[in-house]
Amino acid sequence: MDNLPPMDLMRSEKMSFVQLIIPVESAHRAVSYLGELGLLQFRDLNADKSPFQRMFVNQVKRCAEMSRKLRFFKDQISKAGLLSSVRPVTQPDVELEELEIQLAEHENELIEMNANSEKLRQSYNELLEFKIVLQKAGSFLVSSGTHAVSERELDENVYSNDDYVDTASLLEQVEKTVFVVFFSGEQAKSKILKICEAFGASFYPVPEDITKQRQITREVSSRLDELEVTLDAGIRHRNKALASIGVHLVKWISMVRREKAVYDTLSMLNFDVTKKCLVGEGWCPIFAKAQLQAALQRATFDSNSQVGIIYHVMDAAESPPTYFRTNKFTNAFQEIVDAYGVARYQESNPSVYTVITFPFLFAVMFGDWGHGICLLLGALVLIARESKLGTQKLGSFMEMLYGGRYVLLLMSLFSIYCGLIYNEFFSVPYHIFGLSAYKCRDTTCSEAKTTGLVKYQDPYAFGVDPSWRGSRSELPFLNSLKMKMSILLGVAQMNMGIILSYFNARFFGSSLDIRYQFVPQIIFLNSLFGYLSLLIIIKWCTGSQADLYHVMIYMFLSPTEDLGENQLFWGQRPLQIILLLLAMIAVPWMLFPKPFILKRLHTERFQGRTYGILATSETDLEVEPDSARHYDEDFNFSEVFVHQMIHSIEFVLGAVSNTASYLRLWALRYDNLVIRLVGLAMFAFATAFILLMMETLSAFLHALRLHWVEFQNKFYHGDGYKFRPFSFATLTEDED
């Protein structure tokens with residue numbers, strides 16, 4: 001077994017803790033090259049300092065200011081209805097200082113144009129209001145001069161939609177009212193003016209002479225025409241400036257985002273004043289050592305530095321991060337496991353098995369090859385369009401579907417397989433693999449739904465015989481079949497979880513976990529539920545009518561009692577007594593030996609020592625945290641014993657509850673006979689939008705629980721932390 005090649009996903013990548021000593025003149029280029037490589041996770045050596053106390057705070061502020069300007073340009077382009085170029089034209093690379101100057105010039109130019117446009121727009125609106133006031137008030141004054149002023153003529157006069165005044169905003173239109181107030185005396189005038197000012201009313205002089213009114217109206221109209229031409233020219237000039245910015249906007253945003261990330265990373269490094277160099281520490285995969293050294297050498301050469309960058313591997317007391325190399329197929333399954341908890345460094349990764357077991361257990365519950373075909377079509381559409389969808393911003397629901405497209409593909413394929421076994425196509429059975437093995441008892445019965453069926457040929461070739469559906473024996477037969485199948489699948493998966501705990505203990509060199517955890521657990525589980533699985537298989541093979549409920553109950557209540565007709569094989573009673581004794585022995589076996597052995601090892605290790613052990617950075621990273629070698633002078637026996645007791649009780653009780661949880665594989669299978677009675681349109685709607693989606697979600701969540709709780713708790717700690725290297729590829733807009 002030791003000679004087998006390592007699996008890519010079985011264990012996380014081996015990590016090394018490295019120290020970089022970088023000359024100041026090549027620091028920026030070195031960090032940039034490492035960001036392009038994306039294989040080094042820097043450690044923050046200035047965690048105790050605030051952002052304003054760090055060395056490169058000014059550069060970070062400059063980048064943040066440039067990001068603000070770029071967002072301003074993007075908003076202006078969006079408001080103008082223009083599109084920024086996704087593929088910018090080729091342009092020579094510019095330095096950060098030069099780009100900063102360009103952005104400042106563009107911003108000042110845009111602000112000036114917006115201010116001028118705003119002033120012109122305000123003047124235009126005022127003139128337009130004046131023109132409308134002249135028209136409305138003039139007609140009112142003319143009519144009032146020739147006729148008696150009535151109460152009706154003093155009502156508010158609202159102008160039509162064509163006369164809407166465009167206010168400060170270029171897009172907002174505000175409806176205004178032209179009104180005339182007649183008053184007498186200066187005191188009344190003063191009060192009226194104050195009221196109008198309070199409500200933001202504008203005042204315009206309207207001469208009583210009709211000739212002067214017409215002359216002023218012509219002048220205002222002429223001025224409005226001039227302003228319209230000026231405004232149109234200003235908008236064209238502004239759009240041209242925005243278009244020239246939009247050509248390079250994507251490239252500038254990417255450049256500033258990368259530069260800010262570089263300076264944020266440089267701020268995590270220590271500055272050695274005496275040697276005029278930066279000192280950085282971080283984690284990297286062992287396989288990336290050659291790539292990192294090549295990138296650092298290239299940075300030294302490109303920066304014309306006289307001193308090379310020192311790459312030094314160190315020991316670290318803390319646990320390394322967890323890193324799995326995944327592809328677009330395995331990534332979704334790894335995310336399912338990581339949602340429960342990131343794997344501890346180098347512990348067995350459940351994703352290796354989840355790739356198959358998760359979609360299969362989903363299909364056991366979902367099991368309908370008609371519904372499976374619907375899922376398959378959806379998965380194939382997502383996979384066929386993945387190159388297009390991968391570049392678009394999707395909603396949260398579509399993002400989840402797109403990320404799990406290959407999970408959906410396997411779920412649909414397994415659902416078709418299980419659906420063929422159950423012989424269900426939208427809950428309707430079909431004679432797919434030949435004729436049924438049963439026929440009517442006599443010629444007078446047509447469907448044999450009440451009088452029963454008679455077997456007349458070999459069993460159905462594949463899956464459930466369609467004649468079971470609707471017969472009197474349907475529920476007893478199918479429920480018994482699916483319940484027993486659920487127990488077999490559950491016990492098999494739980495055994496696999498315990499076996500993986502053995503490989504974990506063996507990998508980390510913890511013999512105590514093997515002898516006092518793995519062995520009693522495997523004995524306890526299989527003495528009870530492994531034995532139940534054996535009885536199920538024997539009953540299927542022999543066709544016995546034994547009551548397995550009775551067998552398991554009286555195995556505990558009356559182990560020495562004669563089994564009678566429930567005996568399935570010779571020697572069953574003594575075997576049950578032996579298994580019951582083994583299960584009872586396994587419980588204290590799990591509980592007591594390990595804490596006391598750890599206490600003895602601790603006592604022997606520190607016996608006769610007067611002085612404490614000096615702190616050292618040389619730590620064996622291969623030591624499993626729960627093993628005997630992990631406990632040092634801080635060993636607390638009571639805590640270790642309580643932890644072991646909780647773990648043992650959890651396993652014993654969990655063995656029962658976990659096995660019962662797998663019965664959900666059977667419980668979620670149901671037969672919807674009402675669907676046959678509704679119309680075709682109602683059938684299609686209910687299937688596609690209600691049954692299919694709800695049943696898919698329900699089966700998915702139950703399969704998720706079976707993996708997280710029933711399977712992974714046997715071996716998986718999930719208390720690690722992800723490897724998050726400094727990489728330009730992972731930068732998002734949120735980091736601007």
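Tutor: A residue is called buried when its relative accessible area is under 20%, exposed when it is over 50% and partly exposed in between, with a 1.4 Å probe and protein chains only. The model is a predicted one, in which local features need pLDDT of at least 70 and side-chain atom pairs count only at pLDDT 80 or more, while totals for chains, interfaces and linings use all residues. Residues are numbered from 1 along each chain as its sequence is written, and side-chain values use heavy atoms, with hydrogens and water left out.

Let us begin with Leu704, which belongs to helix α20; helices (H or I, at least four residues) and strands (E, at least two) are DSSP runs, numbered from the N terminus. With a relative accessibility of 13%, Leu704 is buried. Setting aside neighbours within four places in sequence, Leu704 has contacts (heavy atoms within 4.5 Å) with Ile336 and Phe358. Between Leu704 and Ile336 there are 368 residues in sequence, yet their C-alpha atoms are 8.1 Å apart.

Phe358 leads on to the aromatic side chains. Rings of Phe, Tyr and Trp (its six-membered ring) pair if their centres lie within 6.5 Å, and planes under 30 degrees apart count as stacked, over 60 as edge-to-face and the rest as tilted. This rule gives 30 aromatic pairs. One of them joins Phe358 and Phe700 in an edge-to-face arrangement, with 5.2 Å from centre to centre and 80° between the planes. Because Phe358 lies in helix α8 (residues 351-366) and Phe700 in helix α20 (residues 680-711), this pair ties together parts that are 342 residues apart in sequence. Phe358 is buried, its relative accessible area being 0%, whereas Phe700 is partly exposed at 24%. A further group, made up of Tyr340, Trp708, Phe711, Phe715 and Tyr716, forms one aromatic cluster.

In the UniProt record, an unreviewed entry, the feature "transmembrane region" is placed at residues 358-383, 404-422, 485-505, 517-538, 575-592 and 673-694; positions follow the numbering used here, feature names are shortened, and annotations may be inferred rather than shown by experiment. In the model, residues 358-383 are 92% helix and 0% strand, with end C-alpha atoms 20 Å apart. Residues 517-538 are 100% helix and 0% strand, and there the end C-alpha atoms lie 30 Å apart.

We can now turn to strand β8 and the elements around it. Strands are said to pair if DSSP finds at least two bridges between them. Strand β1 (residues 15-23) pairs with β8 in the antiparallel sense over 9 bridges, and within β8 it is Val279 that stands opposite Ile21. Strand β2 (residues 41-42) also runs antiparallel to β8, joined by 2 bridges, and Gln41 has Trp283 of β8 as its bridge partner. β7 and β8 form a hairpin that has 4 residues between its strands, and in the turn Lys276 has a positive phi of about 50°.

Helix α1 packs against this region: its buried residues lie against β1, β2, α5 (210-266), β8 and α6. These buried residues are Ser26, Ala27, Ala30, Val31, Ser32, Tyr33, Leu34 and Gly35. The expected span of a helix is 1.5 Å times one less than its number of residues, and the 14 residues of α1 (residues 24-37) should therefore span 20 Å, in agreement with end C-alpha atoms that are 20 Å apart. Just after α1 comes Gly38, with a positive phi of about 70°.

Ser303 sits in the loop between α6 (289-302) and β9 (310-314), and at 17% relative accessibility it counts as buried. Residues up to four places away in sequence aside, Ser303 touches Glu25, Ser26 and Arg29; of these, Ser26 is one of the buried residues of α1.
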